[in-house]
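This report examines salt bridges and helix packing. The structure is shown below.

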Amino acid sequence: MRKGPAKYLIFIIVSLISFAMPNGSKAQINAEQVLTIGRNVLSMDDYMLAIQYFNQAIKAKPYLSDPYFFRALAKLNLDDYAGAEADCDMAILNNKFKTEAYKLRGFARQVQGKDSLAVEDYNIGLSYNPLDKNFLFYKALALTELKKYDEADSTFNVLLRQYPRFDSGYTARARLELERNDTTAALDDIEKSLSITKAEINPYLMKAEIYWKRQDWQNAGSAIDAAIRLRPELPDLYVNRAFVRYNSDDFFGAMSDYNYAIEIDPDNSAAYFNRGLLRYEVKDLEKAEQDMTQVIRLNPENVHAYFNRGLIELEEEKNKEALADFRIIEQKYPRFYPIYYAMAEAERNLGNNRQAAFLIHKGEELVEGYVNDPEKNPLDRPAIAASQTHSVNRNGEDTDESETEVMERFNHLVTISQPAEDNLSYNEKIKGRVQDRNVNVEMEPSYALTLAVPAETLKTLSNYFRELDDLNQMRILNHTIYLSPGLASANYGDMMTELFDISSRMEARNGTNMRPADYLLLGITETMLRNYPAALQNLDAAIAANPQFTVAFMARGYARYANALSDMKISSENKNEEEAFLDRNAYTTLLQEALADYDKVLSLNPRVVFAWFNKGNIYYEAQDYTSAMQAYSEAIKIDPEFGEAYFNRGLAYLNSGNKAQAFSDLSKAGELGVIPSYNILKRMK
């Protein structure tokens with residue numbers, strides 16, 4: 001995310017939640033009651049559930065301003081800034097005098113980098129209240145981002161004259177002064193902020209940055225120590241302090257910090273990389289190699305880790321392994337001349353003197369070509385592949401990753417990041433900052449017929465399927481059949497007992513008077529047991545007995561789709577090229593047959609939204625994203641509140657490279673209760 005207000009400052013939520021609603025008439029009581037419940041839920045940080053209440057209020061009274069405003073606030077807390085902005089648009093459309101909506105929209109725009117538009121919103125707010133602290137504060141930040149330093153400074157002066165005890169104002173003005181390279185003024189404002197409160201971390205981080213640039217390692221270390229006392233759970237702070245300790249020749253302290261950073265965050269690649277370099281420096285080669293291997297596991301594109309591991313392997317006399325690492329770099333950066341000298345050394349160690357001479361000559365040719373004509377013969381200068389790192393040399397100076405510096409130490413100053421909450425149960429994930437819980441990027445599953453009651457979720461879609469409801473109302477079976485996203489979990493032993501009971505009842509009829517519904521019931525049971533061939537045999541019989549049996553076509557479409565996925569997964573292992581080709585053809589045929597079943601469902605009832613959705617999933621599985629998007633769009637036409645369809649269409653847009661549409665669809669899906677949407681939105685940014 002860009003360096004904006006969200007990095008340094010926390011949006012003040014409490015004041016917004018307490019903002020008074022206008023009194024409604026008696027006809028608005030129900031909508032306002034739902035809105036009140038939503039606000040109470042919002043105050044408990046249950047943002048996803050709050051959004052569902054605001055959705056109800058909007059549906060009942062779409063001309064009210066408050067439901068849109070509070071839904072925008074919930075979305076903002078979920079990092080859905082585009083969605084928050086859109087809801088503020090509606091809040092302002094319904095009530096142009098709602099000044100808090102301008103504040104919220106300005107903030108959402110600011111975080112998206114729309115600083116000019118944000119300033120417009122803040123100016124509107126200031127026209128109503130010229131001395132509002134938050135409007136002045138955010139306006140000054142936006143002006144700083146726009147590099148309108150004089151206007152920003154003037155705004156900060158007004159702000160701090162009116163609110164001389166506003167510590168965040170001094171911190172933000174210090175950032176402005178750093179932009180102007182006035183470190184003395186910046187330090188002065190940082191000290192003013194710290195004189196008001198020592199409970200905020202950002203002044204200490206800025207102070208550490210200033211002293212680091214001055215190579216004043218003692219004061220830089222003291223500032224980071226203070227930051228760690230405030231937020232001891234942040235591993236990046238220990239990586240930063242290790243850098244300072246290294247430059248203070250405190251190798252033991254630096255190693256201790258890297259160890260602790262990894263203990264807190266076992267996937268912290270910066271800590272592994274730096275610790276590996278430190279171990280390399282003290283010739284603990286085996287452990288240094290292990291650290292570089294960990295970096296490569298976490299980030300296979302990190303050429304610096306390959307280079308350093310190759311150098312370590314050279315010293316360990318693992319010349320073949322070193323060559324393999326160097327060749328990975330050569331393939332990506334063929335004009336990176338130091339790699340040829342390193343490869344030459346490995347070849348020479350292996351006795352391949354002719355190849356070593358060739359590689360040295362190749363490196364020298366690159367250097368000579370560059371010296372003669374730098375523009376025509378540029379050299380590759382691979383930068384460290386991590387957006388959160390900053391490359392410096394031993395003297396604390398910025399590097400431009402020149403070719404001679406690659407063999408030097410690469411230390412990282414890692415920006416502070418919001419820690420994620422992990423290891424929570426499903427129900428807990430519904431509450432709070434769901435965008436911080438990493439999820440696998442997987443499409444929402446196809447809908448299946450099942451005998452198990454589907455789990456309750458926040459999603460707004462009712463699993464109504466008219467023909468299925470008619471069948472259940474007839475009560476000709478001893479079971480209720482449900483429609484569920486994916487196969488609802490059921491105990492295997494219970495399902496086997498169920499299958500035995502169903503089969504026994506049918507055998508009691510001596511194989512006569514078998515109804516289509518009986519075959520359907522057997523097919524659904526076998527599908528739940530993942531015995532797809534048996535399921536398909538029974539569903540074929542149900543359709544043969546009743547060629548207009550819509551529910552059976554729906555069930556068979558899913559069974560065919562699931563069978564295709566299962567077969568492809570099983571057959572993907574230990575197959576030669578010819579067998580794999582045949583398997584792929586069979587897989588494609590099964591998917592086409594599943595599509596044909598859903599097409600039949602839609603010919604019998606074009607309003608079966610789940611058939612369109614399942615078709616979209618089949619196309620998505622086949623990587624035909626255009627057809628998938630069309631199918632999901634048809635589902636959304638039938639039910640504009642089909643959250644899973646928005647979610648999957650968003651993923652299809654993402655895979656097609658249309659990030660703007662993906663943002664829009666994922667935001668809508670989150671609004672409709674699809675929890676993974678917000679995490680993906682956050683990661684997309």
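A salt bridge is a side-chain nitrogen of Lys or Arg within 4 Å of a carboxyl oxygen of Asp or Glu. By this criterion the structure holds 46 salt bridges. The model is predicted, so local features need pLDDT of at least 70 and side-chain atom pairs count only at pLDDT 80 or more, while totals for chains, interfaces and linings use all residues. Residues are numbered from 1 along each chain as its sequence is written, and side-chain values use heavy atoms, with hydrogens and water left out.

**Salt bridges**

| Pair | Closest N to O |
|---|---|
| Arg109 and Asp121 | 3.0 Å |
| Glu347 and Arg327 | 3.3 Å |

Helices here are DSSP runs (H or I, at least four residues), numbered from the N terminus. Arg109 belongs to helix H7 (residues 99–111) and Asp121 to helix H8 (residues 115–128), 12 residues apart. Both Arg109 and Asp121 are buried, a term for under 20% relative accessible area, with exposed meaning over 50% and partly exposed in between (1.4 Å probe, protein chains only). A network of salt bridges links Arg109 and Asp121 with Glu85, Asp89, Arg105 and Lys114.

Glu347 in helix H21 (residues 338–349) and Arg327 in helix H20 (residues 319–332) tie together parts that are 20 residues apart in sequence. Glu347 is buried at 6% relative accessibility, whereas Arg327 is partly exposed at 37%. Lys668 and Glu671 both lie in helix H33 (residues 659–671), 3 residues apart, about one turn of the helix. Lys668 is partly exposed, with a relative accessible area of 27%, and Glu671 is buried at 6%.

**Helix packing**

The axes of helix H12 (residues 183–196) and helix H13 (residues 202–213) come within 10 Å and cross at roughly 150 degrees. Axes are lines fitted to C-alpha atoms, for helices over the stretch in contact, and angles run from 0 to 180 degrees between N-to-C directions. Residues in contact (heavy atoms within 4.5 Å) include Ile190, Ser193 and Leu194 of H12 and Pro203, Met206 and Ile210 of H13.

Thr171, found in helix H11 (residues 167–179), is buried, with a relative accessible area of 7%. Leaving aside neighbours within four places in sequence, Thr171 is in contact with Ser193, Asn202, Pro203 and Met206.

Definitions and conventions
Helix = DSSP H or I, 4+ residues; strand = E, 2+ residues; numbered from the N terminus.
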